[in-house]
Amino acid sequence: MVGWFRRYFAGRPVAQVVVVLTALNLFAVLAFTLLVPARPLEVPTLLPWQDPAQTAWRLGAALALLAAVVWAVRPGQRRAWEFAILILIGIAVVAWLSQNYLPFLALGLIPVVARYWVPLWAVLLIVLGLGALSVWWAQREPLQVTFEIVLSQGPQGNTAWGALPTPAEYPNLSLAFFIFIGFLYSGYALFTLELLVRETRAREELERTRRELEQTSRQAGVLEERQRLAREIHDTLAQGFASIVVQLEAAEMASENETSAARYLEQARTSAREGLSEARRMVWALRPEILENTSLPEALQRLLQRWQQESGISAQFTLTGDPRPLHPELEVGLLRVAQEALTNIRKHAKARHATLTLSYLDDLVLMDVQDDGIGLLPPTSGSFGLRSMRERVEALGGQMTVESEPGLGTTLAVSLPLYPQPSMPKAETL
């Protein structure tokens with residue numbers, strides 16, 4: 001039964017509240033009607049709970065009303081004829097209570113059920129209407145009137161009589177009111193306590209879910225940090241080691257050809273020192289060493305000059321617009337993308353010339369890296385280098401496009417907002 005109740009009201013707390021409150025009110029009304037005899041009062045007085053038949057039909061009527069409410073709040077939309085049936089049931093309940101007991105007993109039943117479908121102002125009108133009916137009923141329809149017969153005999157032996165209207169007290173009326181109010185408010189108190197308990201449990205569940213989300217977020221942050229470190233290592237240390245290997249291989253070939261290898265050894269030594277400095281920077285600093293004391297255009301120009309010396313490919317740097325200081329994340333991101341793009345050109349493009357263009361617009365900064373090499377096959381290559389560049393640019397709120405045709409070279413275009421996005425991290429720390 002409990003399982004069915006939970007499944008029936010799953011995801012519908014309002015319907016559950018309506019049914020529970022209706023059950024509490026029906027229990028209070030049932031207790032009242034079992035302790036107080038119905039109108040008109042018959043002598044000898046027989047209380048309803050003393051008659052098994054009256055007890056049975058009152059209990060059956062209460063269960064039937066509760067079943068009707070459960071049926072009314074079932075999932076799905078109601079039809080017009082179903083609302084008409086519910087209205088007729090409500091009118092019948094008020095009429096029966098008005099004829100036999102007190103109309104205000106319906107105040108705990110009708111408005112609670114009506115609130116499930118109609119707005120609060122309509123429920124308040126129903127409450128006012130039932131209250132007005134109760135006042136009228138108490139004034140115009142007293143519980144019972146009996147007559148006291150007074151006999152008197154005169155000197156001549158004549159007999160006179162008179163009738164005095166006297167309201168009669170109903171048996172158990174005050175006791176029934178006390179029990180009714182006790183049941184009603186104790187039921188409301190228990191139900192309110194249950195709501196508080198459930199709310200507390202819901203808050204505990206929410207807090208537990210929040211902690212789980214925080215843990216998941218931390219794990220996601222760790223994963224993101226690992227990916228960022230992978231990009232950093234690929235863009236710095238891995239490229240530096242690759243440059244050292246290339247220079248050492250060139251030095252080895254030069255020694256075999258009995259030519260001077262000092263230039264290659266010096267370049268390898270320079271790359272090793274830069275790699276060491278970059279490794280220290282990854283541990284202790286945020287910005288690349290090349291950006292510590294220079295602007296982004298100067299850093300890119302120095303990067304392009306060094307790359308030209310190492311690769312032997314002619315290169316040109318172009319600056320348009322008015323340079324301005326950028327958020328550190330933007331400068332680091334553009335520098336890393338430029339490093340990766342130039343590395344790809346040296347490794348794969350077989351180009352003779354490369355161009356790096358940096359443009360400052362009103363609200364954007366653009367960077368293009370172009371070469372006249374063999375192009376990409378296919379242009380949307382999913383290499384780690386391209387993927388890491390794209391992830392870095394998108395993390396900064398920008399866009400990256402790659403255009404390439406076989407034999408006509410490749411153009412990599414990056415567009416970033418001049419100002420950091422709200423979701424952008426304030427600092428890139430380790």
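Which residue forms a salt bridge with Glu-207? The partner is Arg-210, with the closest N and O atoms 2.2 Å apart. This is a predicted model: local features need pLDDT of at least 70, side-chain atom pairs count only at pLDDT 80 or more, and totals for chains, interfaces and linings use all residues. Residues are numbered from 1 along each chain as its sequence is written, and side-chain values use heavy atoms, with hydrogens and water left out.

**Overall make-up**

- The protein chain has 11 helices and 7 strands (DSSP runs numbered from the N terminus: H or I of at least four residues for helices, E of at least two for strands).
- Of its 430 residues, 35% count as buried (buried is under 20% relative accessible area, exposed over 50%, partly exposed in between; 1.4 Å probe, protein chains only).
- The protein chain exposes about 25900 Å², and carbon and sulfur atoms supply 62% of that area (Shrake-Rupley method, 1.4 Å probe; for residues, only the protein chains shown count as cover).
- Among contacts between residues at least 6 apart in sequence, 68% join residues at least 24 apart (contact means heavy atoms within 4.5 Å).

**Nonpolar cores**

- The largest nonpolar core has 36 residues (a core is a set of buried Ala, Val, Leu, Ile, Met, Phe, Trp, Tyr and Cys residues joined through side-chain atoms within 4.5 Å).
- Elements giving two or more residues to this core include helix H9 (296-311), helix H10 (328-349), strand S5 (364-371) and strand S7 (410-417).
- H10 supplies the largest share, 9 residues.
- Another core lies apart from it, with 14 residues, among them Val-29, Val-94, Leu-105 and Trp-137.
- Leu-300, Leu-334, Leu-358 and Leu-412 have the most contacts inside the largest core.
- Beyond its neighbours within four places in sequence, Leu-412 touches residues including Val-337, Ala-341, Met-367, Leu-386 and Met-400.

**Strand pairing**

- S5 and S7 pair antiparallel over 8 bridges (two strands pair if DSSP finds at least two bridges between them).
- Gln-370 has Thr-411 in S7 as its bridge partner.
- S6 and S7 also run antiparallel, joined by 6 bridges.
- Thr-401 has Ala-413 in S7 as its bridge partner.
- The hairpin of S6 and S7 has 5 residues between the strands, and Gly-407 there takes a positive phi near 80 degrees.

**Salt bridges**

- The structure holds 6 salt bridges (a side-chain nitrogen of Lys or Arg within 4 Å of a carboxyl oxygen of Asp or Glu).
- Glu-207 and Arg-210 are 3 residues apart in helix H7, so about one helical turn separates them.
- Glu-207 is partly exposed at 31% relative accessible area, and Arg-210 is partly exposed at 38%.
- Glu-205 pairs with Arg-208, the closest N and O atoms being 1.8 Å apart.
- Both lie in helix H7 (residues 173-256), 3 residues apart.
- Glu-310 and Arg-346 meet at 3.2 Å, N to O.
- That pair links distant parts of the chain, with Glu-310 in H9 and Arg-346 in H10, 36 residues apart.
- Arg-74, Arg-78 and Glu-82 are linked in a network of salt bridges.

**Surface patch**

- Trp-71, Trp-81 and Ile-85 form a nonpolar surface patch with about 280 Å² of accessible area together.
- Patch residues have over 30% relative accessible area and no salt bridge; like charges are joined within 9 Å, and nonpolar side chains (Val, Leu, Ile, Met, Phe, Trp, Tyr) within 5 Å.
- Ile-85 lies in helix H4 (residues 80-100) and counts as partly exposed because its relative accessibility is 34%.
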